[in-house]
Protein chains: 2
Amino acid sequence: MYLHHPTRAELDLPAVLHALSDPQRLRIVCLLAERDQPCACSSFGLDVTKSTLTHHFRVLREAGVIRQELAGTSKLNSLRREDLDSRFPGLLAAVLAAELAPAA
Amino acid sequence: MYLHHPTRAELDLPAVLHALSDPQRLRIVCLLAERDQPCACSSFGLDVTKSTLTHHFRVLREAGVIRQELAGTSKLNSLRREDLDSRFPGLLAAVLAAELAPAA
């Protein structure tokens, strides 16, 4: 199975913002940022079907927000923090801070 | 005509990111940030139909990114910069910087 990843130069701001514009994908991104190591898709405790979970990870990968690596029959996910920080300085930090802040 | 605006406390991060995840809406937001004064919808030089333009401004208003005020038969738009900065510090600045930066 080939997993396409956009290069750093190919990262597109609207696509990245769209990938981040879903509550469950935001939760995945926050958990990846906290854990700071590759994590299996099943480790996020999201109450969604497997196909929905697969969809969310694919949207994040295709936008360049995460990297997915095959590990046996599962995929390991990690945040492309350096690529995002390089192309869109401050964006990921602001999104993580906003998502993790207590509600107003 | 009543134009609904979410309060500052009602601003929702996924909704704001979704509103910003479209190239034409990003352009509108950048132009509003540059101009720093209320602007009519027709003043943005976007090559889209009137109904598409109305849609984009409505998405931005309903997410709380812009404020729309009726002025005769048109609407004047302004950026809710203070509300966004208060709820999501650094987010708007990072998005504007990324959008206005030269492509990688």
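**View 1. Helix 3 of chain B and the largest pocket of this predicted model.** Start with helix 3 of chain B, which gives the most to the lining of the largest pocket: 6 residues. This helix covers residues 50-63, and it is joined in the lining by strand 2 (66-71) and strand 3 (74-79) of chain B, each of the three supplying at least two residues. The pocket itself has a volume of about 290 Å³. Of the 16 residues that line it, the closest to its centre are B:Cys41, B:Lys50, B:Thr54, B:Ser74 and B:Lys75. Sorted by class, the lining holds 6 nonpolar, 6 polar and 4 charged residues.

**View 2. The open sheet of chain B, with helix 3 lying across two of its strands.** Here you can follow 3 strands arranged in the order 1-3-2, with antiparallel pairing. Strand 1 (39-40) and strand 2 are the edge strands, each pairing on one side only. In general, strands of a sheet pair through backbone hydrogen bonds, either parallel or antiparallel. Strand 2 and strand 3 of chain B are joined by 6 bridges in the antiparallel sense. To find your place in strand 3, look for B:Leu76, which stands opposite B:Glu69. Helix 3 of chain B then lies across strand 2 and strand 3, running at about 120° to strand 2.

**View 3. The second largest pocket, lined by residues of chain A.** Helix 3 of chain A gives the most to its lining, with 4 residues. Both helix 3 (50-63) and strand 3 (74-79) of chain A supply at least two residues each. Among the lining residues are A:Met1, A:Ala40, A:Cys41 and A:Ser42, along with A:Lys50, A:Leu53, A:Thr54 and A:Phe57. The lining also includes A:Leu70, A:Thr73, A:Ser74 and A:Lys75. By class, 6 of the lining residues are nonpolar, 4 are polar and 2 are charged.

**View 4. A pair of aromatic rings, A:Phe44 and A:Phe57.** Over all chains, a search of the whole structure finds 2 aromatic pairs. In the pair shown here, the ring centres of A:Phe44 and A:Phe57 are 5.3 Å apart and the ring planes stand at 55°, so the pair is tilted. The two residues come from distant parts of the chain, 13 residues apart: A:Phe44 sits in the loop between strand 1 (39-40) and helix 3 of chain A, while A:Phe57 belongs to helix 3 of chain A.

**View 5. The largest cavity, lined by residues of chain B.** The whole structure contains 2 cavities of 30 Å³ or more. About 40 Å³ of space lies in the largest cavity. Around that space you will find B:Val16, B:Leu20, B:Leu84, B:Phe88, B:Leu91 and B:Leu92. The lining has 6 nonpolar residues, with no polar and no charged ones.

**View 6. The second largest cavity, lined by residues of chain A.** This cavity has a volume of about 30 Å³. Its lining is made up of A:Val16, A:Leu20, A:Leu84, A:Phe88, A:Leu91 and A:Leu92. By class, these are 6 nonpolar residues, and neither polar nor charged residues take part in the lining.

Conventions:
Residues numbered from 1 in each chain as written. Chains lettered and ligands numbered in written order. Predicted model: local features only at pLDDT ≥ 70, side-chain atom pairs only at ≥ 80, totals over all residues. Heavy atoms only, no water. 1 Å grid on protein atoms, 1.4 Å probe; cavity = no way out; pocket = protein on both sides within 12 Å on 5 of 7 lines; lining within 4 Å. Points joined across faces, edges and corners; volume = space filled by probe spheres on them. Nonpolar A, V, L, I, M, F, W, Y, C, P; charged D, E, K, R; others polar. Pairing = 2+ DSSP bridges. Contact = heavy atoms within 4.5 Å. Axes fitted to C-alpha atoms, helices over the stretch in contact; angles between N-to-C directions. Phe/Tyr/Trp six-rings, centres within 6.5 Å; stacked < 30°, edge-to-face > 60°.
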